[in-house]
Structures are given as structure tokens and as C-alpha cells.
Amino acid sequence: MSESAGEVLELVRSGRAATRSDLRRLTGMSRTAVVARVTALTDAGLLLEGEELKSTGGRPPGGLVFNAGRGVVLGVAIGRSRAQVSVADLDGRELGAASVDHEEGSGPDVVMPQVAEQLALLLAERAPAGSPGAEVFAVGLSLPGTIDPVRGLCIDSPVMAAWEGVDLRPHLASVTAAPVFVGNDADVLARSERLGVARHLDDLIVLKASTGLGLGIVADGRVVSGHLGGAGEIGHTIVAGAAGRPCRCGNHGCLETIAGGWALVAASREAGRPVGHIRDLVDLAASGDAEAKAQLREGGRLLGEVLAVAINLLNPQAVVVGGDMAAAFDVYAAGIRESVYARSTALATRDLQFLPSTFGDRAGVVGCVAMALDEVLSPDAVDARLLRSRPAPSSSAPEPAATRQL
């Protein structure tokens, strides 16, 4: 068995290996092969060993540890009325964060310069140029809607049409030349839970219940986005109870028209209540307002009727409730449970857990950081990085025999 340097780094990052002996035991590689890979990783600053570990709490001389301070990643979670940004180390530990409020409907030409400005300020403060660990490895960015991960842009968003088809990478060029990875907001929410309470669970449904409704799906430890990146669009499932109701997506009868945050807010306003955003309704419920609590519970019940189908199909270990409505978890989840237990199979619900999002309203930007780390610290990405960092062959070196002309 022969592991690459990237795979060796993954063994150390995951905690499965802490010494060269561990690596030899886990991989079956020779001492020479292990030394070669560890040397490549220490030369690149991704691993620390030996003398470098004296300050890390008395680790053994042959100990190995991932160097989380080698660089940083940036997270950018863009929503309908707010963008959150973050700088984190290579372990995902947040070093600095900020948020940018913007008018609903604002396009990238308005929002992205503000995002770039905040990121530049955070970097200057937390990872100033020239300091150890100042290199930006990647940017993780999320948007509501269907994402083309190859081109790194949104291809369909009912709530942020101005962002469709826009390449966002040039907007961050003044901050960093690092690669920018773009994901769906519910998918990155699912990634955040892989760093949270559900880190040891391999099969999850992560619900984003905010202005809109979406699912992040984790199956066998991997986030599943679907063929065109449209997996989890539960909010735009047609349901009988919403027949004829116009949706923001242009269709009629979507679940969102009766259970989405925007629909709950509209219903509250029609009843003469001073509610401007779903967060206002959640705050009322948290303060004990009986009408707000009943409205959120009913919204959860309506969602649960459709969620029950997904639970029967996917058989998750847990449903994690995130988004703005998760701040009223007890009330909202009670409505979801009511429908799920009534409509799902006994087997699918036997061990099912309902959990609040680990990171609250920070979950989106935490998930963006997790996405960036998944991309740039995967074994293949690390191997490619090491290959790029190798010194170019000297021009005076003999030409390889296979290429010399006779």
C-alpha cells in the first residue's frame, strides 16, 4: 500500500496518526517512504514535527501535528439582506468576522465591493501581509439558489435573480488570488454541521428554515448536491394546501407559499402585526407571544408533511434545524415532529434525532469555511500543491535521456 503525501496529511489532520510509527502501521509503507512524505509536508509548512513541537505541550520527539497556522481561508455567506464574512485558520477556527447589511434585491455590483472591503480589513488585522500564516488558501462563498460548482456561479435563484450567471471571482481579486469555491446556502449549512454536534453522524438532513426553505443532505459522510446542484429544494415542492398561491419562483402552489418565512411574515402583516422579517416573528415567539408561537409551530407542521417523504427515502440519523426559525427550536421542531412521526415509517423514525444547528446564525459562514477547507486540504489538492511548489529543474541539468535528440 502506498499513500500520497496528501493522504498522509489527512491521517494526521483526522487524528488517526500522531507519529511516523503510526503512519507506517496504518499505511504499510516503508520507513523511507514515510520519511519522504513527511519531509515534503514539513518543507511545505503543513506539518510540524520534532523540535518544532516543544511548545505544544510535551509531545513526543517523533510527534507530528497539522500546522493550522500555515495559512487562512475566507468564508462569505451572502443572503437576501445580509452578507457574513470570516477569516479562519486551517483548522476552521474563526480568527475574525464581520457582517454587511444590504437592501433586499441588491446585486453583486453593490454587495461584493463591501464584502471585499470587510475581508481586506479582517486580513489586515488577523493575518497581515508578511506574517506567518498570512497566505490565503481559498475562499468559500455561498448563495441561495442552484449553483454550478465548476464555473463557480449561481444559475438559478428565485430570491436573488441579479446574481444569476455572475462570476464573483473578479470581485475578490483585490483581496486574494486564491481559488473561490461557490456553494448553495443549504449545502454549506450541512457542511457546518460536519464540524458541529453531528460530526460523528454520516447520514443527515440539515434544514435551512429562514425566508425560504431548503435542505442540505449528507449521505455516507458526503454532502449530496444532485445532478445539477438542485438537491434539497424542498421549499418549491408543490403541495395541495398551497394550490393557486403564487410563489417567488414564478410557480404556483409551492410549500414556501404557506410555510416559508416570507409567507409567515406576510400572514402576520395581514393580521396587523408589526413584523418586517422572519427574525421578528421568531423574537415574538421567544418572548412568549402565543400567536407567533402558534404560527411557527404550524409552519413546522406543514414543512414536516413534505420532510417526512425525504426521511422515508433517505433514512437519516438526524434532522438538524438551522436558519432563522431555529432560534425558536422547541416550538418549530415540535410542529415538524408532529407531521414526521405521523407520516414517516416506524423504521425511519426509530432512532431519528432532531437537533438545533450548532452554530446558530453563524452556520452559513462556518459552512463556507468548511467548504473551502474541504477543497484545498483534500489529498488530491495537497498533492497538487506540493507538485506546484517543487523547484523547476535547473537549465544546466542534463536533459533526460527520453527527451534528448540524437
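## Strands and confidence

Two strands count as paired if DSSP finds at least two bridges between them. The model described here is predicted. Its protein chain has a mean pLDDT of 89. In that chain, 92% of the residues reach 70 or more.

One stretch calls for caution. Over residues 395-406, pLDDT stays under 50. For these residues the model has one contact beyond four places in sequence.

## The sheet

An open sheet is formed by five strands. Their order is E5-E4-E3-E6-E9, and the pairing is mixed. Strand E5 (94-101) and strand E9 (180-184) are the edge strands. Each of them pairs on one side only. From one strand to the next, the twist averages 15°.

Strand E4 (residues 82-89) pairs with E5 in the antiparallel sense. Seven bridges make up this pairing. Gln84 has Ser99 in E5 as its bridge partner.

Helix H12 (residues 363-376) packs on the sheet. It touches strand E3 (72-78), E4, E5, strand E6 (136-143) and E9. The direction of H12 makes about 135° with that of E3.

E6 and E9 run parallel. Five bridges join them. Val139 stands opposite Val180 in E9.

How many of the five residues of E9 are buried? Four are, so E9 is largely enclosed by the rest of the structure. Buried here means under 20% relative accessible area.

Notes
Residues are numbered from 1 along each chain as its sequence is written. This is a predicted model: local features need pLDDT of at least 70, side-chain atom pairs count only at pLDDT 80 or more; totals for chains, interfaces and linings use all residues. Side-chain values use heavy atoms; hydrogens and water are left out. pLDDT is the predictor's confidence in each residue, from 0 to 100. Contact means heavy atoms within 4.5 Å. Helices (H or I, at least four residues) and strands (E, at least two) are DSSP runs, numbered from the N terminus. Axes are lines fitted to C-alpha atoms, for helices over the stretch in contact, and angles run from 0 to 180 degrees between N-to-C directions. Buried means under 20% relative accessible area, exposed over 50%, partly exposed in between (1.4 Å probe, protein chains only).
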